[in-house]
Amino acid sequence: MMTKKEIYKLMDFIQAYYEKFQFDQHKLDAWHMILQKYSYNKVHENLLKFVQDSPHPPKISDLVQKSTGGRDIPCDFILDVTKGEKEG
């Protein structure tokens, strides 16, 4: 469970990485409502990965999503665009 102090720390990092990112007490409280159930270490790790790839500041969803590097499509997947169509 993340404390408000830890969320402040994350937001301070984001502000250091992204000049346009600003926060105040209201934003800190709003982020705390969502992020408090997550682990600081995991969210911080996600932030560090995020800043390497994005020129824009993260949203909460960017920090809590499990990064898989793309959609997982089974290797035996076959796309049949004609399936279900009647031959005529």
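Student: Which residues form one aromatic cluster?
Tutor: This is a predicted model, where local features need pLDDT of at least 70 and side-chain atom pairs count only at pLDDT 80 or more, while totals for chains, interfaces and linings use all residues. Residues are numbered from 1 along each chain as its sequence is written, and side-chain values use heavy atoms, leaving out hydrogens and water. Rings of Phe, Tyr and Trp (its six-membered ring) pair if their centres lie within 6.5 Å. The one cluster is formed by Y8, F21, F23 and W31.

Student: How many aromatic pairs are there by this rule?
Tutor: One of them joins F13 and Y17, whose rings are 6.1 Å apart centre to centre, with 10° between the planes. That pair is stacked (planes under 30 degrees apart; over 60 is edge-to-face, and the rest are tilted). By the pairing rule, the count comes to 4.

Student: In which helix do F13 and Y17 both lie?
Tutor: F13 and Y17 are 4 residues apart, about one turn of the helix. F13 has a relative accessible area of 29%, so it is partly exposed, and Y17 counts as partly exposed at 38%. Both residues lie in helix α1.

Student: Is the F21 and W31 pair stacked or edge-to-face?
Tutor: F21 sits in the loop between α1 and α2 and W31 in helix α2, 10 residues apart, so this pair links distant parts of the chain. F21 and W31 are both buried (under 20% relative accessible area; exposed is over 50% and partly exposed in between, with a 1.4 Å probe and protein chains only). Their ring centres are 5.8 Å apart and their planes meet at 65°, so the pair is edge-to-face.

Student: Which residues is M11 in contact with, leaving aside its neighbours within four places in sequence?
Tutor: Contact here means heavy atoms within 4.5 Å. M11 is one of the residues that touch the most other members of the largest nonpolar core. Beyond its sequence neighbours, M11 is in contact with F21, F23, K27, L28 and W31.

Student: How many helices are in the protein?
Tutor: Helices (H or I, at least four residues) and strands (E, at least two) are DSSP runs, numbered from the N terminus. Read along the sequence, the pattern is α-α-α-α. With 0 strands, the number of helices is 4.

Student: Within what arc do the buried residues of α3 fall?
Tutor: Helix α3 covers residues 40–53, and its buried residues are Y40, V43, H44, N46, L47 and F50. Taking directions from the helix axis to the C-beta atoms, these residues line one face of the helix, because they fall within an arc of 160°.

Student: Which exposed residues does the face of α3 turned away from its buried side carry?
Tutor: The buried residues of α3 pack against α1 (4–17) and α4 (60–64). The face turned away from them carries the exposed N41, Q52 and D53.

Student: Is S54 buried or exposed?
Tutor: S54 is found in the loop between α3 and α4. Its relative accessibility is 17%, so S54 counts as buried.

Note on methods. Expected span 1.5 Å × (residues − 1). Core = buried A, V, L, I, M, F, W, Y, C linked by side-chain atoms within 4.5 Å.
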